[in-house]
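This report describes selected features of the structure displayed below, arranged by topic.

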Amino acid sequence: MANPEPRIVVIEDDPLIRRFLRTGLGSHGFEVFEASTGQQGIVEAGVRKPDLIILDLGLPDMDGVAVIKAVRAWSSMPVIVLSARSAEPHKIEALDAGADDYLTKPFGLGELLARIRVALRHAAGGSEQTADGVFVSGSLKVDLLKRLVYLDEQEVHLTPIQYRLLSVLIKDAGKVLTQRQILRAVWGPSYAENAHYLRIYMSQLRQKLETDPTQPKYLLTESGVGYRFKV
Amino acid sequence: MTPPDQRPDPDELLAKVERETAKARRGRLKIFFGAAAGVGKTYAMLLAARERRAEAVDVVVGWVETHGRKDTAALLDGLEVLPPKRIEYRGAMLHEFDLDVALKRKPSVILVDELAHTNVPGSRHAKRWQDIEELREAGIDVYTALNVQHLESLNDDIGQISGIRVWETVPDTVFESADEVELVDLPPDELLVRLKEGKVYLPQQAQEAVKHFFRKGNLIALRELALRQTASRVDAQMLDYREDHAIQEVWQVSERILVCIGPHALAERLVRAGKRLATDLRAEWIVVYVETPELQRLSAEKRDGVLRILRLAEQLGAESATLSAPQMSEAIIRLARERNVTKIVMGKPSRRGWRRWLMGSVVDSLISHAHNVNIYLLGSPRNRRGEETAFERSGSRRGVLPGLGQRLAGRKAGYYRGYVWAVTVTLLSTLVAKLMFGRFELANLVMVFLLGVVFIATRFGRGPSILASILGVGCFDFFFVTPYLSFSVNDSQYLLTLLAMLAVAMLISHLMANVRSQAKVASHRERRATVLYAMSKELAASRSEEEIVCAAVRHLYTEFSSRNVILLPDASGRVVYPQGKSLSESLLGADLGVAQWVMDHDELAGQGTNTLAGAAAVYFPLSSHGAVLGVLALLPVNLRRIFLPEQRKLLDTFLALIVQAITRVRLAEQAKTSQLQMDAERLRNSLLSSISHDLRTPLATIVGSASTLAEDDGSLKPADKMELSRAIYDEAQRMSNLVNNILDMARLDAGVVTLNQEWHPLEEIIGTVLTRLKKNFDQRPIQVTLPPGIPMIYVDAVMIEQVLINLLENAIRYTPPDSPLEISAETSSFAVEISVADHGPGIPQGLEERLFEKFYRVRHESAQSGVGLGLAICRAIVEAHGGSIRAHNRPHGGAVFALVLPLNQAPPEIEQEE
């Protein structure tokens with residue numbers, strides 16, 4: 001990476017949470033810039049050229065989703081949103097607007113750091129797949145060039161749609177994808193509202209890839225929001 | 001100090017204060033009162049108006065008739081005159097006082113001339129005095145003018161004096177409610193001079209009659225009446241004053257007068273006499289009509305006449321009543337006793353001489369049975385015949401029930417059938433008698449004729465049976481009594497036979513007719529009772545206002561064959577059509593404006609009434625204790641079905657039942673709301689106590705540990721620091737859960753949660769839950785058993801996950817750390833049952849239900865955390881999904897919590913790839 005100290009802009013109105021993030025992230029080698037309003041945050045994002053933005057959805061002056069849209073107008077830097085529980089529709093809105101990931105308050109520093117790492121890695125163009133187009137996670141191996149899937153070195157037969165679904169999730173492994181995003185990517189825009197398609201195929205995929213579909217290791221459900229391939 | 005016995009009665013004072021505040025809110029009415037046209041009432045009124053205007057009062061002329069008199073017209077100069085309303089009536093353009101413009105303009109004082117005026121058909125009210133009432137309701141003071149001859153109670157007397165009857169009258173109540181009456185007096189001689197000079201306006205067409213009216217004798221009598229009327233008002237005011245100031249020679253007479261009327265010409269005079277007596281004695285008065293079986297046979301016109309008189313009595317301030325009883329005197333005595341009547345006013349007995357002696361009269365039996373009651377008898381007028389026709393005529397002419405006349409036709413069809421039958425049966429009897437003739441005694445032949453008469457009497461009533469008896473006697477005489485084929489009688493003993501036969505036939509027919517009519521009355525009553533019972537039963541079973549309204553509309557339709565609708569006010573008090581879909585019996589297109597008027601004034605309006613008679617339907621207020629709950633709009637097929645006394649009574653009973661039912665439902669709702677409020681109050685209290693305990697405990701740990709860390713001077717070992725941090729973290733996590741639970745419950749209670757139901761595979765839901773709780777499980781074995789091919793369920797996944805999380809967290813909290821937990825599901829065709837089972841101590845006996853109550857915990861103040869909301873949240877969520885949740889113990893130890901979710905629809909199909 002070019003910059004040894006990754007920069008993060010924190011847009012959050014609560015001073016105590018800002019303090020927690022500043023100390024927490026600072027001690028893990030991040031340079032933190034703070035903004036307490038959406039407007040200020042957009043300015044900071046433009047001026048500081050950060051590597052990542054942490055954005056609270058409940059801001060006093062403007063909607064967090066509007067901040068994301070403003071940032072996305074000129075940059076694809078990763079955005080992680082923070083929000084209270086039971087605000088699933090709001091989270092989905094933020095993710096569909098271009099946020100990369102979300103965290104529900106209250107959260108621990110460990111969770112946040114994990115999300116930041118995944119986001120930065122995606123932003124740097126890196127992913128879990130190796131140079132020869134083979135993706136490996138645990139006992140799962142996917143050969144993206146030959147379109148073959150192996151579990152414990154045994155080939156698993158997937159239907160075209162099942163494979164497409166898996167590859168979409170793998171492409172953004174570690175990152176949460178909303179149902180709408182997945183449906184668009186796998187079935188096309190006209191299927192964006194047919195969430196039950198996604199659930200049925202996801203269920204089929206789990207039957208084939210997970211040892212216990214009720215305690216999945218790879219294909220996690222983000223309740224009320226979407227899915228995430230766990231790395 | 002006032003001695004206690006002379007102090008004014010507090011109730012009386014209170015009533016007076018109420019009267020006065022009601023008066024203060026209402027506009028004041030000032031009447032310029034005169035003996036005849038031409039005395040200068042309008043002039044005096046305009047002068048008064050100018051004076052008020054000089055005092056800078058907002059005076060407006062609503063309607064003034066100057067009749068082209070220059071000096072009067074001159075007084076209008078400089079006064080604001082409202083534009084008249086132009087109404088087209090039968091091709092002519094008529095001008096009329098515009099009530100709406102006046103109400104909109106809302107001046108302090110308005111002048112509206114000619115209080116007795118009858119409005120052009122199509123106006124809101126039939127009479128101008130009603131317009132003025134509405135102006136006063138709106139708080140506007142009114143100046144108006146009135147001639148003595150237009151006063152309702154004097155109308156009769158003046159008619160007799162002057163020979164001219166005016167049809168435009170004003171109820172005495174309006175006159176009495178006036179705040180001020182100014183007598184405009186002019187000696188008859190001067191008036192006659194003015195008349196000669198042409199200063200008195202006379203309508204062109206009636207010049208002669210009116211000239212007749214302006215005779216000196218007439219004018220003196222009218223002047224006397226006007227003066228006396230004014231004087232009696234002053235008298236009444238004096239009395240009020242004396243009561244106010246406790247100057248009393250104990251004058252608390254509670255007189256009550258009962259006026260008995262019948263379907264005769266005297267009725268109207270009886271009512272007026274009663275009114276005068278009541279006014280003089282300051283007594284309450286009741287006008288009663290007793291309907292005996294005989295009277296029920298009266299023609300419709302006569303019964304409408306009675307109805308009209310009862311209305312008139314109400315207008316004059318009486319209470320009216322219609323009683324149904326076989327005996328008039330009994331009913332009157334009963335009413336008199338019930339209501340403590342002191343005086344009875346009635347007509348002189350109509351039966352005279354031997355008939356009165358033989359059959360008695362109502363008056364006689366009243367005199368012998370009613371003690372302590374004074375009876376006043378009013379003589380019948382001499383030309384009975386003439387007056388009677390006047391009575392009948394008046395029904396349609398006075399327009400109390402406009403349009404009623406046209407609707408009364410019909411029913412005459414089957415009328416002549418009885419007579420045809422009478423002739424036929426007599427002919428048959430004659431034929432049979434002819435066959436018997438010679439072989440049997442003549443007495444037996446008589447029996448055959450009698451049989452025929454009885455038959456006709458039972459089937460067709462009095463008229464045909466009398467015809468049959470006369471024909472029978474005739475035929476018997478003609479054919480069977482010597483000389484044959486002649487009406488003369490040789491043997492005089494046959495004369496007796498003939499007379500006896502006629503008498504028996506008449507008697508039988510009379511008895512039969514009575515029996516028939518009583519049977520009819522009885523069956524009528526029974527039917528009415530059945531109808532009322534059916535409706536009251538259904539109303540009693542109704543649980544909501546909509547149900548009541550539907551039931552009421554249907555029953556009203558069945559009974560009165562009239563489409564109808566019940567209009568209830570919305571939150572802002574405007575009557576609106578009910579929200580639901582209309583019934584086939586519903587009246588569509590009721591005039592909401594009229595309904596609103598009825599709602600605001602608690603009076604009936606619409607067709608057949610004095611107010612807004614142009615409306616197609618009749619509008620009844622649904623009121624109880626002065627509060628109007630709504631309005632019934634009814635489109636009558638036939639006005640008589642609604643306004644005949646017994647029908648009206650039935651309708652009133654219907655309305656009372658409906659009002660009662662609505663009131664009952666509203667009270668029940670109120671009780672429910674207050675119960676809910678009490679529950680909420682109780683909950684708030686337990687919430688406060690729970691929170692105070694459950695939030696303070698973790699807070700104590702957090703504050704303690706954090707302060708230790710913050711104040712560390714380097715003496716803490718790294719392991720201790722770690723320990724303290726962990727404690728802070730754990731406790732904070734616990735608090736976070738608590739707060740989440742409280743917030744969830746609050747949102748569920750507030751009803752702001754809407755289910756976001758979608759199709760989800762159950763295994764995915766369970767998977768999400770297990771992933772989230774992974775840390776909490778530690779080493780605990782979890783076993784999930786799902787039957788293969790379990791269908792997707794239609795739920796709000798986030799919420800059902802919350803349910804399972806709560807159940808599992810409970811299980812973790814209350815069972816040993818290494819005991820296994822089991823999650824399983826079973827499906828039937830209608831439901832899916834998801835169970836969470838543990839191997840812990842189980843649920844204490846009898847608490848299976850209580851567990852799900854808010855803030856309920858098995859052990860209070862225990863070390864276990866949680867506010868006791870977890871299971872309450874579970875139940876709320878599951879019930880929101882239409883399912884149920886319950887808990888029970890397993891036979892070999894441990895508890896099971898099972899939630900049942902309905903499978904109402906088939907899950908969506910998707911096309912298979914493989």
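B:Asp602 is partly exposed, with a relative accessible area of 30%. The model is a predicted one. B:Asp602 sits in the loop of chain B between helix H23 (592–601) and strand S16 (605–606), and its phi is positive, about 55 degrees, although the residue is not a glycine. Most residues other than glycine have a negative phi, and most peptide bonds are trans.

B:Ser561 likewise is not a glycine and has a positive phi, of about 40 degrees. The loop that holds B:Ser561 lies between helix H22 (545–560) and strand S14 (563–569) of chain B. With a relative accessible area of 29%, B:Ser561 is partly exposed. In chain A, the peptide bond from A:Lys105 to A:Pro106 is cis, and its omega is near -5 degrees. A:Pro106 belongs to the loop between strand S5 (101–104) and helix H5 (109–123) of chain A.

## Overall content of the chains

Chain A contains 8 helices and 12 strands. Of its 231 residues, 55% count as buried. Among contacts in chain A between residues at least 6 apart in sequence, 57% join residues at least 24 apart.

Chain B contains 29 helices and 25 strands, and buried residues make up 45% of its 914 residues. For chain B, 69% of the contacts between residues at least 6 apart in sequence join residues at least 24 apart.

## A helix pair in chain A

Helix H7 (residues 179–186) and helix H8 (residues 195–209) of chain A pack with their axes 10 Å apart, at an angle of about 80 degrees. H7(A) is therefore roughly perpendicular to H8(A). On the H7(A) side the contact is made by A:Gln179, A:Ile182 and A:Leu183, and on the H8(A) side by A:Ala195, A:Tyr197, A:Leu198 and A:Arg199. By residue class, this contact divides into 5 nonpolar, 1 polar and 1 charged.

## Helices H20 and H21 of chain B

Helix H20 (residues 462–480) of chain B has 19 residues, which should span 27 Å at 1.5 Å a residue; the end C-alpha atoms are 26 Å apart, in agreement with that expectation. Its buried residues include B:Pro464, B:Ala468, B:Gly472, B:Val473, B:Phe476 and B:Phe480. Helix H18 (417–436), helix H19 (442–460) and helix H21 (492–541) of chain B are among the elements that cover the buried residues of H20(B).

H21(B) has 50 residues and reaches 73 Å from its first C-alpha to its last, close to the 74 Å expected at 1.5 Å a residue. Among the buried residues of H21(B) are B:Tyr494, B:Leu498, B:Met501, B:Ala505, B:Arg528 and B:Leu539.

## Cysteines

A search of the whole structure finds 0 disulfides over all chains. B:Cys260 has a relative accessible area of 7% and is buried. B:Cys475 also counts as buried, at 14% relative accessibility.

B:Pro820 occupies the loop between helix H28 (797–814) and strand S22 (821–827) of chain B. A relative accessible area of 31% makes B:Pro820 partly exposed.

Which residues are in contact with B:Pro820, leaving aside its neighbours within four places in sequence? They are B:Pro781, B:Ala837, B:Asp838 and B:His839.

Technical notes. Residues numbered from 1 in each chain as written. Chains lettered and ligands numbered in written order. Predicted model: local features only at pLDDT ≥ 70, side-chain atom pairs only at ≥ 80, totals over all residues. Heavy atoms only, no water. Helix = DSSP H or I, 4+ residues; strand = E, 2+ residues; numbered from the N terminus. Expected span 1.5 Å × (residues − 1). Buried < 20%, exposed > 50% of the residue type's maximum accessible area, 1.4 Å probe, protein only. Contact = heavy atoms within 4.5 Å. Disulfide = S-S within 2.5 Å. Axes fitted to C-alpha atoms, helices over the stretch in contact; angles between N-to-C directions. Parallel < 35°, antiparallel > 145°, perpendicular 65-115°, else oblique. Nonpolar A, V, L, I, M, F, W, Y, C, P; charged D, E, K, R; others polar.
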